[in-house]
Each structure stands twice: as structure tokens, then as C-alpha cells.
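Take a walk through this protein chain. Keep the sequence and the 3D view side by side as you read.

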Amino acid sequence: MKAIRRFTVRPVLPEALHPLSDLARNLRWSWHAETRDLFQSVDPERWAASGCDPVRLLGSVSPGRLAELAEDRRFLRRLTAAADDLHDYVSGNRWYQEQSAELPAAIAYFSPEFGITAALPQYSGGLGILAGDHLKAASDLGVPLIGVGLLYRHGYFRQTLSRDGWQQEHYPVLDPNELPVSLLREPDGTPSQVSLALPGDRSLRAHIWLAQVGRVPLLMLDSDVEENDLGERGVTDRLYGGGSEHRLLQEMLLGIGGVRAVRTYCRLTGHARPEVFHTNEGHAGFLGLERIHELSYEELDFDAALEAVRAGTVFTTHTPVPAGIDRFDRELVARHFGPDAELPRIEVERILQLGMETYPGGEPNLFNMAVMGLRLGQRANGVSLLHGHVSREMFSGLWPGFDPDEVPITSVTNGVHAPTWVAPEVFRLGARQIGAQRTEDAMTNGGPERWDAVAEIPDQDIWELRRSLREQLVTEVRERLQASWRQRGAGTAELGWIDGVLDPDVLTIGFARRVPSYKRLTLMLRDRDRLMELMLHPERPLQIVVAGKAHPADDGGKRLIQELVRFADDPRVRHRIVFLPDYGMAMAQKLYPGCDIWLNNPLRPLEACGTSGMKAALNGCLNLSVLDGWWDEWFQPDFGWAIPTADGTATDDDRRDELEAAALYDLLEQRIAPRFYERGPGGLPDRWIDMVRQTLTLLGPKVLAGRMVREYVERLYTPAALAHRSMDASSARELAVWKSRVRTAWPHVTVDHVETSAATATAELGSTLSLRVRVGLGDLVPDDVEVQAVSGRVDAEDRIADGTPVPLKPVGGPDLEGRWVYEGPLSLDRTGPFGYTVRILPAHRLLASSAELGLVAVPSEEMGEAAGVLMR
């Protein structure tokens, strides 16, 4: 029989055990080993059965066992110590509190998904895991972050395989009462709500669930409330599900409703109001519109409110391809805003202008969420050095006239939260060497000096650790493979072979990630005979563990999975290659430590960062990757291998795959396997162990989320907070009026004449020339602009590379024609072909970048050599 209604019955803990509830409700347990060990000791079998989830554990422990623990003095001492440690963690000073007073009072961090722990399945892949690691690292550092997301009643899908290897999706219903979250409530006990107005006098209401991530509150909006109609109740049903309008409503709820949820939380708890709003990818971009709408009640017009909002907004883009950005039909967006729907005080046309692709190659009828994010954020970044470069190229149309290198998008390379991803055995090895506290500090704060101690760990200890982790992975794989084959319909009699799958002494390669086509899951299958030879080599075999999910609507990705599964089902190699369905955080935490090699072979440069290899590296696993994302930035032959790329324009996709697969096989056969199996005088693979040591010593401090969050604080959050403070109402009005005046006058800003003291087309290194420039400023004055000489090496087409700008100074004017004269020196500081040009940029003390308005005036082509090349 099926129940007609479901309840969650919570246990009544004896008074002595009340701190267990607080420990279970703060997700710090997910990265704090002592707290997890405490919960495991409550009931080891139930702990395993609960999926290592304290809330589920406490809901299933018998009253008798609880009564027994309430009398167990040793357990109570451990419980008191854990509770005291959590109190110190959430209330004491940390890195942030020891910095200068200029730091933001609070930062709101918006993301469509958060991967905190497998017990809170609100993530689909790298974006969510990154957001979860960002919150956890911020907590460890004491950064006053407020996370904002949605609570999806189905989360992301669970994955199984059919008998013939086709991905099948399942959406188990999540009951928030069984999750480590609590409802935000008003003082009278009623649940707090946010509400959005929809067309046709309808409303979208949402409750606010609170997950406590260490020191950081995470607010998650849930539309499954009784006051909503059926359609609105389903808005937060699935992560990345539904059609275009469904996605638009999700993103309106995240952005607009999220700001309202933050305001509610701060009102109820006294938490400092955020000075900085961080938009993690374009999904949350509407948050800027809500803040403009708020300011409209403070008598700021749209343009002034836009300046005030931009000053305190940071936008992070994660996609290297336009196809990865959410874009909506113009009419759909227009219907959901304005007098009859949401944000009635803002003209719909002004909203649309923020997201329209008004640049060459853009689609004029599409509303682009990333474009809106960039227009609403004064500061923007990609997530690796290479991705920053790709982003500047991709979005350069928003800043016409500027070279891509000058587009105001910087980069902060992602990091990973070491306490979450480092295996306990690795942590214990470090603790034996330098002590538990110093090891914890190294994983939280980084600093090369803390990681140098790895050099002192004996080779024998490192190699024994690596084999132990590999052995654990073999056990885990066999259990998961058994369960997978059962789900595929196999009987016990046909599964005896699973006991021989993988070998703890064989070189083990891991490949696990989402399965879009550009990540090339099946590149390893390009030459199947050669791959089989490598796996079955009599002296130097290798084995591969693969996992990953394709988006439910991506049949191409599902076909790639099926192709790999069918190969792995082949009796000749199924003991050497496995595909594990339902990849998620719990599996990943076993997979990274147990592999010797982490394989990554995307189409360069389509991997924005790719943090899975970072997590593997922190466990002593070596990376074998295309030079893309973070690996392009930090690769050294001391600790890994680079797969050569065949990305010339003359190489078609098929040929490129063929060449790069061949390079992969060559590396495995000729360099990687021989090094793994080579033994030194002491019987150990000395050179391999040295690479493991170098991975930990050199990469360890770099790949930390703590390093990443510190960079955000120092390079983006703090400047944004200072800009926010300086952008009071009068400054915002002043800047808006000034920008309007500059845009109107700019068509009449010209470089009219350039002359130099150079008599010939050659000059000596170190000499200085005098420049004299006559410019027209129209209705502007010198205080509105900066006139620059830009000089540097030139190529065969006279393009300046790595240009150095030098401001010129006005020396008189205006003349009778209204022209101004500027002068300045030009230093010839490098040899070879050298050139210069002159340009005029808008200038104002409140601009974050001279490229901010996308306006620049340069000499006309007719001026030719007078404004160009000096030496060839």
C-alpha cells in the first residue's frame, strides 16, 4: 500500500546529547574529520547506511542507543570537545578579521547550484562544486559571505544504465525536513516568504531554507509552497530542467527573490547588509535589476541607480563558448517585467537594453544573461588565466575599439577546498610530519612554507599510502559495479567476474566529469586495439575508472556514455576498464585519492578551468591533461604530462582527435607506464614518488580554494566595496550625468594631428622623442578625457603588441577652432620594429577602467605614418 501523506518524525535527543543536533545542522561536519568520527561512533552500521549523513543517522538511531550514549562519559567528553570546537570556529577571529578595516562588511554570493555535501544534493557539476568550495573556504577564512541559491525538490537526476548501456534518469523527491536545512521564520514563527509578481495578476512565492555552512549562511529559495498555483510550485522542481519560461522564472527567483531573501535574513538576524554582490555565472544576473528597483524608492533615476549598483557588483563568467550562456527571447523577458508584472518602476525597454546583443555578430532579438551580468557588474573575471583571455575575446564586442587584452575582464583561477577533497589518510600522513594544526592551516590558508614539509616524508611512506588508497578504490569500484549490474538486470550467477575487476598494484587512470561533447569522453577509444594492448600489457598494464553524467536532453552525450559502457562490457577488458554510473560527490571523494593519473582531454580552449585535476593532485595523483584551463597555467614536467594539441585552423575535428589520441597513447606507453613500473635500488619507483612529492609541494598551495577566496577578497571584493562606499546618491547622479554627456559628445572627439621630433624612420634604443598632438574634444574639456600615446612592438601589419600607454598633458587651448594641444615624451625602450599611436579615452575618478564606457577615439587611417610606425 502507498501512503497518502508523508511525515518526517524527528528523534527526541536526551538533554546530554542536544549538542549533536547543532553539530548535525552545521555542514562543517562534511569537512571536519573529528565531527564525522563522532557521528560514526554513534552507530557505525547506521552511519554507513545513512550515506554518512548525520541528520539521517539521528533520525534512525534507536532510543535505547541514545540513552546509552547519554550515560557514556567518554562519548560525552568527545561531544563536548566537538561542540566547543565548532563554537570557537564560528565565533573566533580568522584570517579575514585580521586584515585592514577596508574590507566589505558582507558579501552576497549568488549561484544556481551549490555542491556542499552529498547529503544536500543541489548540484550538477563543476559550477556547483566550485560554489560549495567557495562557501567552505570563505567560512574557514572568516569571510562574511551569504550564499544564495534555489532548493530543488528533485535536485539533479540520479543516473543508472540500461542493459545496453543507455543512461537513464531518476528524480527522487527530496523532503527538506530530511535535509540539513531549516526554514527561516519570522518572529511570530511563520515561515518567511519572498514574492514575485507574474503577468496576469499571479504571484510566485517562495520559502527560504537556511543551510549553515560553517560560518556562512546559505539561503535557498523553494517555490513548493501551498499559496502557489501548481505551475508556480514547480518552478524549483529540478536543476536545469524545463523549457525557456521555466528557466527564466528560476533565474528571476534566484536573482530578484534572492536579493529579497538576503534583505529578510539580515533583518531577522542582524547580519551586516552586503556591500558587494557576487554573481556566479549569468543565471543570477537579475539581482542587479532588483537592486536598481530598490534604489528607485530612494529617488534615484535608472541611470544613477545603475551606477550605484554596478559599483558593488562582481560578475564571474564560467563559460568559454557562447552556446553555454542562457539566452531568452526578447518578448518572453519583456512580458515578465514592467507595470503588469515584476519591477514595475523600471521601464521594460531599459531592462531589455541591458541584455541585448547589440554588437557585431549578436542576435538582436535575444536577451543574453552573461551580457547583462557584464553590464551590471563593474568588475568581472574568468576562472583561469587562459579563460580570462578567452572571455576577453568572446565579449570584446561590448568594448568596441579596444584590443581584447584591454577588455575589463580579469581572471581568478579556481581552487578546491582541500579539507573536503583530501583523503583522511593523506591528512594523517601530513599530520604525522608537521602536526594536525599545521596541516589544517596548510590546507586552509596555503603558503609554500607549510607544504615544503612534504619533502621530508620518506619515500616508503608515500608509496605505501598510494597503494593503500588504490586498494580502497578497487574495493569501492567492485561494490559499485556489482550494484550497477544488478540495476541493469544481471543475476548473481553472471557476476562472479567482478571479484577480479581492477588490481591494487596496476597503474590506475581516472576520468570523471560531465559528458558534453567537448570533454571527449571517448577520445581514449579512438584506437581500441592500441588501448587494449596498453591495458593488457604483460609487464606494464594500466586500468581505467570512468564516471560521468550527460544532461538529460543531450542524446549526443548519452551516446558517448553508451559507446564507452559497451567497450567496458567486453569480457576481454572488463577487468581493466569500468564505467561507474551516478557520479557525485561521494564517489568523487573515493575516486580522486585512489587514482595514479587524472586524465583530462577537452578540446582546447573549451575547459574554463576544470577543477577535478586539482582535487586529484591534492591526493598525490598526477595530471595527464591537454594544456587547457588551470593546467595551461601551472603545468610543469616535474609533476605531470601535457597532451599536445592539434588545434591549427587547417586541422578538422576528426583529424584533431586522431592526432591527440595518438599523442595520448604515446605518453602512456613510452613515458608514464615505464616510470610507474620502474624500480630503484630500494625496490621503489623513486622517480614516480618524486613526481608525487613535487605535485604536493608545488601544486598544493596553488590549487586551494583558500588562495582563490583570498584573491577574490583582495582583487575584487575590496575594490568593489570601496567603489560602493564612494558611490553615494550624489556621486551616482554625478557619474550618470557625466556618462550621458560624454556619450552624446563622443562622435565629435577626434585626433586631428600628430607630430614627432623623429627626423628619420630609425632611432637609437633609449632615446626619447617629443610628441605633439592636436585633438578635438567637441563639448568636452580636458578633465573629461585622457589623451594617451600607446607604443610597443609592431607586427608586419603594423599592429602594436603589448602596448604601453603614457598620458600626454594639455599645453594650451582651446584654439580658435576649439582644438586642444597635448604634448609628452615617448621613450624608445625596446629594439626592433617599434610603433606608436595616439588615442583619447573618457576619464573620471569613479570609473573602474578607462575602457568602461567602450569609447575610444584614434587617428584616422589617412593620418598614416604620422601616428604609427617609427622603426622597421
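The paragraphs below go from a sheet to the cores, and then to some single residues.

Remember that this is a predicted model. Begin with the sheet. It is open and has six strands, in the order E17-E16-E15-E18-E19-E20. Their pairing is parallel. In general, strands of a sheet pair through backbone hydrogen bonds, either parallel or antiparallel. Which strands stand at the edges? They are strand E17 (577–580) and strand E20 (640–643). Each has a single partner strand, so one side of each is left without a neighbour in the sheet. From one strand to the next, the twist averages 20°.

Now look at one pair of strands. Strand E15 (residues 507–512) pairs with E16 over six bridges, in the parallel sense. Ala512 has Ala547 in E16 as its bridge partner. A helix also packs on this sheet: helix H27 (residues 686–699). Helix H27 touches E15, strand E18 (597–600), strand E19 (622–626) and E20. The direction of H27 makes about 80° with that of E19.

Next, the interior. In soluble globular proteins, nonpolar side chains tend to be buried together. Here the largest nonpolar core has 107 residues. Met524, Leu624 and Trp688 have the most contacts inside it. Helix H26 (residues 653–677) gives the most to this core, with 10 residues. The core draws at least three residues from each of two domains: domain 2 (105–152 + 190–415 + 717–726) and domain 3 (456–703).

Zoom in on Met524. Leaving aside neighbours within four places in sequence, its contacts include Phe511, Ile544, Val546 and Ile577. Leu664 and Tyr665 are also among the contacts of Met524.

Is helix H23 (residues 585–594) largely enclosed or open? Seven of its 10 residues are buried, so H23 is largely enclosed by the rest of the structure. Those buried residues are Met585, Met587, Ala588, Leu591, Tyr592, Pro593 and Gly594.

Arg540 gives another view. It lies in the loop between helix H21 (528–535) and strand E16 (542–547). Its relative accessible area is 29%, so Arg540 counts as partly exposed. Neighbours within four places in sequence aside, Arg540 is in contact with Leu534, Glu669, Ala673, Pro674 and Tyr677. Ser740 is 200 residues from Arg540 along the chain, and their C-alpha atoms are separated by 69 Å.

Some backbone details come next. A cis peptide bond joins Arg604 and Pro605, with omega about 5°. Pro605 sits in the loop between E18 and helix H24 (612–617).

Two loop residues have a positive phi without being glycine. For Asp201, phi is near 60°. For Leu343, phi is about 55°. Where do they lie? Asp201 is in the loop between strand E6 (193–198) and strand E7 (202–213). Leu343 is in the loop between helix H12 (330–335) and helix H13 (348–355). Are they buried or exposed? Asp201 has 79% relative accessibility, so it counts as exposed. Leu343 has 0% relative accessibility, so it counts as buried.

Last, a stretch named in a record. An unreviewed UniProt entry carries the annotation "domain: DUF3417" for residues 13–120. Over residues 13–120, the chain is 54% helix and 4% strand. The end C-alpha atoms of this stretch are 23 Å apart.

Key
Residues numbered from 1 in each chain as written. Predicted model: local features only at pLDDT ≥ 70, side-chain atom pairs only at ≥ 80, totals over all residues. Heavy atoms only, no water. Buried < 20%, exposed > 50% of the residue type's maximum accessible area, 1.4 Å probe, protein only. Contact = heavy atoms within 4.5 Å. Core = buried A, V, L, I, M, F, W, Y, C linked by side-chain atoms within 4.5 Å. Domains from an automatic or database assignment. UniProt positions renumbered as here; feature names shortened; annotations may be inferred. Pairing = 2+ DSSP bridges. Axes fitted to C-alpha atoms, helices over the stretch in contact; angles between N-to-C directions.
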